[in-house]
Amino acid sequence: MNIRDIALGLGMCALGACGAPAAEEADPVASVEANVATTVLTRETAKSTDEEWGTFVEYFAGATPGTRDLLSGTATINPGLEIHPPHRHAEEEFLMVIEGEGEWTVGEETFAAKEGDMLFAEPWDVHGIKNTGDTPLTFVFWKWNSQGLPTPPDPEL
């Protein structure tokens with residue numbers, strides 16, 4: 001079993017263990033009906049877009065039994081680029097590098113990102129990844145808010 005198989009398996013576990021609806025709702029604590037059942041999400045059915053920085057592949061966006069507004073997929077960043085500067089958001093997020101090398105940003109710190117590394121970002125914590133290598137960097141991601149819990153308030157507001 002290689003790192004890509006492990007990452008994709010973790011993604012399937014995340015889909016089964018959590019659920020997600022669309023972004024902001026009138027009542028953020030209300031449950032949202034899942035729009036996915038137990039299934040295999042294939043690369044052929046995923047939505048792929050080519051961007052200036054690389055390729056974004058969306059496998060699933062929506063609700064699961066335990067999450068609202070789940071977004072999962074992969075991103076491949078071309079050498080020397082990043083999707084966007086380090087950022088923050090209300091959702092929890094996992095990122096796992098499955099190919100290539102780069103640089104993580106967590107808060108004010110930056111350090112090497114390599115194949116097999118996984119980052120977890122709590123709501124509103126600054127995080128990011130940049131490809132600093134000579135080959136494409138691919139990572140798998142899962143980002144969500146949990147069903148039945150309010151969206152975490154922005155501590156800076």
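This is a guided tour of the structure above, stop by stop.

The structure is a predicted model, in which local features need pLDDT of at least 70 and side-chain atom pairs count only at pLDDT 80 or more, whereas totals for chains, interfaces and linings use all residues. Residues are numbered from 1 along each chain as its sequence is written, and side-chain values use heavy atoms, with hydrogens and water left out.

**Stop 1: the whole chain**

Display the protein chain as a cartoon. Its secondary structure comes to one helix and nine strands; helices (H or I, at least four residues) and strands (E, at least two) are DSSP runs, numbered from the N terminus. Along the sequence, the pattern is α-β-β-β-β-β-β-β-β-β.

Of the 157 residues, 39% count as buried. Buried means under 20% relative accessible area, exposed means over 50%, and partly exposed lies in between (1.4 Å probe, protein chains only).

Contacts (heavy atoms within 4.5 Å) may also be displayed. Among those between residues at least 6 apart in sequence, 72% join residues at least 24 apart.

**Stop 2: a sheet of three strands**

Select β5, β6 and β8. These three strands form an open sheet in the order β6-β5-β8, with antiparallel pairing; two strands pair if DSSP finds at least two bridges between them. The edge strands are β6 (109-114) and β8 (127-131), each of which pairs on one side only. From one strand to the next, the twist averages 25°; axes are lines fitted to C-alpha atoms, for helices over the stretch in contact, and angles run from 0 to 180 degrees between N-to-C directions.

Keep β5 and β6 in view. Their antiparallel pairing extends over six bridges.

**Stop 3: threonine 105**

Next, select threonine 105, which is found in strand β5 (residues 101-106). Is threonine 105 buried or exposed? With a relative accessibility of 11%, threonine 105 counts as buried. Leaving aside residues up to four places away in sequence, threonine 105 touches Pro86, Thr110, Leu119, Val126, His127 and Gly128.

**Stop 4: the salt bridges**

How many salt bridges does the structure hold? There are three salt bridges, each defined as a side-chain nitrogen of Lys or Arg within 4 Å of a carboxyl oxygen of Asp or Glu.

Select aspartate 154 and arginine 88. They form a salt bridge in which the closest N and O atoms are 2.5 Å apart. Aspartate 154 lies in the segment after β9 (137-146) and arginine 88 in the loop between β3 (67-77) and β4 (92-99), so the pair ties together parts that are 66 residues apart in sequence. Aspartate 154 is buried, at 16% relative accessible area, while arginine 88, at 24%, counts as partly exposed.

Glutamate 156 is exposed, with a relative accessible area of 63%.

Finally, select lysine 114 and aspartate 117, whose side chains meet in a salt bridge (3.3 Å, N to O). Lysine 114 counts as exposed at 51% relative accessibility, whereas aspartate 117 is buried at 18%.
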